[in-house]
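Visitor: I would like to learn how to read a protein model, one feature at a time. Could we begin with the picture itself and then take my questions in turn?

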Amino acid sequence: MSKSAVTGPKTRSPVLPRESVPATVMRGPSIALALGGGGARGLAHIVILEVFDELGIRPAFITATSIGAVFGAAYAAGLSAALIRAHTEDVLGQRLDLARNLIAARSDPVHKLFRLFSLRSSLLKPETLLEHILPSRVPRRFEDLAIPLAVVATDFYAQDTIVFSEGDLRQAIAASIALPVIFQPVIVNNRAMMDGGLVNPLPFDLATGRGDVTVAIDVSGAPRVDPRAMGPGAVEAIVTCSQILQRSIVLEKLKSSRPDIYIDVSVDAFHVLEFHRFREILAAAAPAKDLLKRKLARVFESHTVPEVKPVPAITDQSQPAESKTRKRRLSLPLRSRKDKA
């Protein structure tokens, strides 16, 4: 006997009144979101995430690099953009506490950095710093996220891209943000992992096929121009060179393929380490927020399709209700991009 069979005495099926005919509802396209790296410039991602909340859109998939992984994980955990903004402003606004947390995250005493034979040591442990800056509601494992997430890191010795999508979430984020010199590498399965921006600073290619529409948010920016400066200092030169590399990678990727929606946030005026200017960075991202809203509105107008809800079977009261269909979870194994060749 099929599930739709009716038990009990046979009766004539009633004619459904016009009001009972299922109405046509509109279904929008699913969104796959890519959040790029850019240091402090990546604070602009918070403003971008506000767009999805204000439009009532929930991304079906998120892929992220570096600081994009920090905010991508928080959003994938189910936190609203408003809560993420409030938490970030609270953390960055308490400068004394932030300085204390940075000191606690040191891999070696700061004075050793100035000794010739201690320059191999980096300043911060990314895992320790994450414990201070991530919202407590962000889970420990990918499997507990509300939205599937893929985080990009770099295998230093293999010179390869590594994609994390299961297992230890915080370890993956720590690896993705481990900018050379500033952070020490994260060791995962005896492999030295570093900043994902070194190989894939805007991973919209990983979002392709994960949704009907791919949205990529670029916060890499260009090196800021300071006419008063005679030249960059040592630390600024090292960090900025990394950003130049990342920007070049993004521009080359865009020549071969483009996401459906590409937003280049104007954050060139800010150095990648200027987290103390968070309010200015958030304000500077406002035009990009408006642009994304308009583009998403146009996409939804052109992609929205009619969807008819199925008519429930007419049964007697004795028929047991069908069990709910379990949600399907998307997952990517930790893999090397070279393995796919």
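Visitor: Which residues of helix α6 are buried?
Guide: A residue is called buried under 20% relative accessible area, exposed over 50% and partly exposed in between, using a 1.4 Å probe and protein chains only. In α6 the buried residues are Leu169, Arg170, Ala172, Ile173, Ala174, Ala175, Ser176 and Ile177, so that this helix, which runs over residues 169-177, is mostly covered, with eight of its nine residues buried. Please keep in mind that this is a predicted model, in which local features need pLDDT of at least 70 and side-chain atom pairs pLDDT 80 or more, while totals for chains, interfaces and linings use all residues. Residues are numbered from 1 along each chain as its sequence is written, and side-chain values use heavy atoms, without hydrogens and water.

Visitor: At what angle do the axes of α5 and α6 cross?
Guide: Helices (H or I, at least four residues) and strands (E, at least two) are DSSP runs numbered from the N terminus, and an axis is a line fitted to C-alpha atoms, for helices over the stretch in contact, with angles from 0 to 180 degrees between N-to-C directions. Helix α5, residues 126-133, has an axis that comes within 9 Å of that of α6 and crosses it at roughly 115°. The two helices are therefore roughly perpendicular, a label for 65 to 115 degrees, whereas under 35 is roughly parallel, over 145 roughly antiparallel and the rest oblique. Contact means heavy atoms within 4.5 Å, and here Pro126, Glu127, Leu130 and Glu131 of α5 meet Arg170, Ile173, Ala174 and Ile177 of α6.

Visitor: How are α1 and α3 oriented to each other?
Guide: The axes of α1 (residues 44-55) and α3 (residues 81-93) come within 8 Å and cross at roughly 155°, and the pair is therefore roughly antiparallel. On the α1 side, Ile46, Val47, Leu49, Glu50 and Asp53 make the contact, and they meet Ala81, Ala82, Ile84, Arg85 and Thr88 of α3.

Visitor: Which members of the largest nonpolar core touch the most others?
Guide: A nonpolar core is a set of buried Ala, Val, Leu, Ile, Met, Phe, Trp, Tyr and Cys residues joined through side-chain atoms within 4.5 Å. The largest one here has 65 residues, and Phe164, Ile217 and Leu292 touch the most other members. Helix α2, residues 67-76, gives the most to this core, namely eight residues. Apart from it lies another core of eight residues, including Leu124, Leu129, Ala178 and Val239. If residues up to four places away in sequence are not counted, Leu292 touches Ile48, Val51, Phe52, Val215, Ile217, Ile261 and Ile263.

Visitor: Is Thr214 buried or exposed?
Guide: Thr214 has a relative accessible area of 6%, and therefore counts as buried. Thr214 sits in strand β8, residues 213-218, and its contacts beyond four places in sequence are Ala32, Phe204, Ala207, Thr208, Pro259, Asp260 and Ile261.

Visitor: What is the phi of Ser66, and what is that of Gln159?
Guide: Most residues other than glycine have a negative phi. Ser66, however, has a positive phi, near 55°, and Gln159 has a positive phi near 55°. Ser66 lies in the loop between β3 (61-65) and α2, and is buried at 8% relative accessibility. Gln159 lies in the loop between β4 (149-155) and β5 (160-164), and is exposed, with a relative accessible area of 66%.
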